[in-house]
Amino acid sequence: MTTDTARSPKPNPYFPIAQLQCETDSGIDTIPLSEEVAFSSWQGVIPEQYWSLGADELSARVRAARETLGQDVVVLGHHYQREDIIQFADERGDSFALAQYAASRPESKYIVFCGVHFMAEAADILSGDHQRVILPNMEAGCSMADMAASADVYQAWRELEDVFGSTEDIIPVTYMNSAASLKAFCGKYGGVVCTSSNAGKVLDWAFARGKRVFFFPDQHLGRNTGAAMGIPLDQMVLWNWRLPAGSLGGRTVDELERSRVILWQGHCSVHQRFSLTQIEQARERHPGAQIVVHPECRYEVVQAADANGSTAYIAQYVADAPAGAVIGIGTEINLVSRLAREHPDKTVFCLDPVVCPCSTMYRVHPAYLAWVMESLVRGEVVNQIVVPEDEKRDARIALERMLALK
Ligand code: SF4
């Protein structure tokens with residue numbers, strides 16, 4: 001059982017207030033769970049025997065559990081996971097590629113998804129009924145996905161219906177990084193899911209079916225995609241969901257009528273940190289450097305970069321660059337560090353000098369992986385993610401519409 005004392009983080013002498021510390025002020029190497037500054041806000045129900053174990057012992061225990069479980073388990077690792085997790089991944093990739101991979105492994109009864117909550121939900125939607133999806137730490141959410149609560153989206157939809165008299169001409173599009181309930185919303189109302197690699201194609205599909213698109217939860221991906229299609233910025237309006245119900249998201253009826261894209265005011269806390277100043281400084285320090293960023297970055301950052309694309313695109317961009325190339329990247333630090341290590345003949349660096357990872361991805365500490373895997377060895381399933389059947393059905397419709405575009 002947990003106790004408050006044992007869960008207290010070890011104070012960082014430079015930032016004595018835990019809430020003001022970044023998890024990785026002391027580096028991105030694994031330290032025991034009980035020493036993590038933010039452990040008190042992570043899933044605390046993990047048995048005490050895992051709290052003080054170091055990286056080597058945890059790796060040895062996960063390895064042993066894997067061997068015992070054999071084909072019964074498949075471990076998936078998102079690109080933003082730390083090295084001590086990625087080493088166990090049967091497949092690594094972005095959320096959608098991993099969910100598809102899980103669906104292609106029917107022989108595995110258990111899918112251990114090392115990523116965040118919405119990703120495990122997507123795996124549960126796409127995998128077979130006989131498969132069980134496990135998220136090592138139930139507190140590994142996504143701040144962007146959390147910015148679009150189902151009740152707020154339904155409220156906005158009703159307000160749009162009042163303004164336009166009907167929602168027939170509005171196509172809802174949700175980014176993969178959203179709760180299953182919102183994928184289901186899109187399935188139900190003629191909409192679709194998109195990823196950062198197919199957002200342009202998805203918006204083309206949507207505009208062939210309606211006058212305007214209601215895009216959530218990431219305003220930046222929506223705006224960057226719309227701008228790349230030639231939609232003027234003033235025809236992409238922001239819906240502020242924090243305003244009281246009935247406020248039309250802070251827009252006037254006239255603005256909504258002139259809009260082609262209604263953007264939910266959500267963002268990724270990791271990608272929104274990248275700035276124009278960082279790009280300018282990188283170009284000053286490394287003349288001739290290529291800058292590649294994720295489309296979850298702000299519009300001006302994407303405009304100033306040489307290229308932008310999904311995590312898979314960024315990884316390929318680095319792989320394709322000639323030896324000696326210098327590449328500044330705007331995405332999560334674990335992926336950037338891995339690319340730098342895998343391409344020692346190139347200079348690969350993160351545009352953000354303050355090395356802060358995705359704090360929710362980071363919650364998948366190897367102690368949680370060891371715990372869920374050893375539980376499976378004992379025949380016990382902990383931290384299963386189950387999407388209700390009605391949500392699954394509607395969410396599948398939205399995902400299938402997207403798949404049909406390929
Ligand atoms: S990197 Fe951003 S979008 Fe991805 S899981 Fe973390 S907070 Fe969510």
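Tutor: A helix here is a DSSP run of H or I with at least four residues, a strand is a run of E with at least two, and both are numbered from the N terminus. Pro217 sits in the loop between β7 and α10. The model is predicted: local features need pLDDT of at least 70, side-chain atom pairs need 80 or more, while totals for chains, interfaces and linings use all residues. Residue numbers start at 1 along each chain as its sequence is written.

Student: What is the peptide bond from Phe216 to Pro217, cis or trans?

Tutor: Omega is near -5 degrees, and the bond is cis. Most peptide bonds are trans.

Student: What makes α10 mostly covered?

Tutor: A residue is buried if 20 or more other C-beta atoms, placed from the backbone, lie within 10 Å of its own, exposed if 12 or fewer do, and partly exposed in between. In α10 (residues 219-228), 8 of the 10 residues are buried. Among them are His220, Leu221, Arg223 and Asn224. Just after α10, Gly230 has a positive phi of about 95 degrees.

Student: How do you know whether Leu248 is buried, exposed or partly exposed?

Tutor: Leu248 has 19 other C-beta atoms within 10 Å, so it is partly exposed. Leu248 lies in the loop between β8 and α11 (253-258). Its phi is near 55 degrees, positive although the residue is not glycine.

Student: Why is Asn383 called buried?

Tutor: Asn383 has 21 C-beta neighbours inside 10 Å, so it counts as buried. Asn383 is in the loop between α16 (366-377) and β14 (384-385). Its phi is near 60 degrees, again positive in a residue other than glycine.

Student: What makes β5 and β6 a pair?

Tutor: Strands pair if DSSP finds at least two bridges between them. 3 bridges join β5 (residues 170-175) to β6, and the two run parallel. In one of these contacts, Val173 has Val192 in β6 as its bridge partner. Helix α9 (residues 199-207) packs on the sheet and touches β5, β6 and β7 (212-216), with its direction at about 155 degrees to that of β6. Such angles run from 0 to 180 degrees between N-to-C directions, with axes fitted to C-alpha atoms, for helices over the stretch in contact.

Student: What is the order of the strands in the open sheet?

Tutor: The 5 strands run β6-β5-β7-β9-β8, with parallel pairing. β6 (192-194) and β8 (236-239) pair on one side only, as edge strands.

Student: What joins β12 to β13?

Tutor: 4 bridges join β12 (residues 326-330) to β13, which run parallel. Ile327 stands opposite Val348 in β13. Strand β13 (residues 347-350) has Val348 and Cys350 on its covered face, and Thr347 and Phe349 on its uncovered one.

Student: What makes domain 2 and domain 3 touch?

Tutor: Contact means C-beta atoms, placed from the backbone, within 7 Å. 13 residues of domain 2 are in contact with 14 residues of domain 3.

Student: Which residues come nearest the ligand?

Tutor: Near means a C-beta atom, placed from the backbone, within 6 Å. Of the 13 residues around the ligand, Cys142, Met144, Cys268, Val270 and Cys358 come nearest. Domain 1 and domain 2 each give at least three residues to this shell.

Key
Two residues are in contact if their C-beta atoms, placed from the backbone, lie within 7 Å. Domain bounds come from an automatic or database domain assignment.
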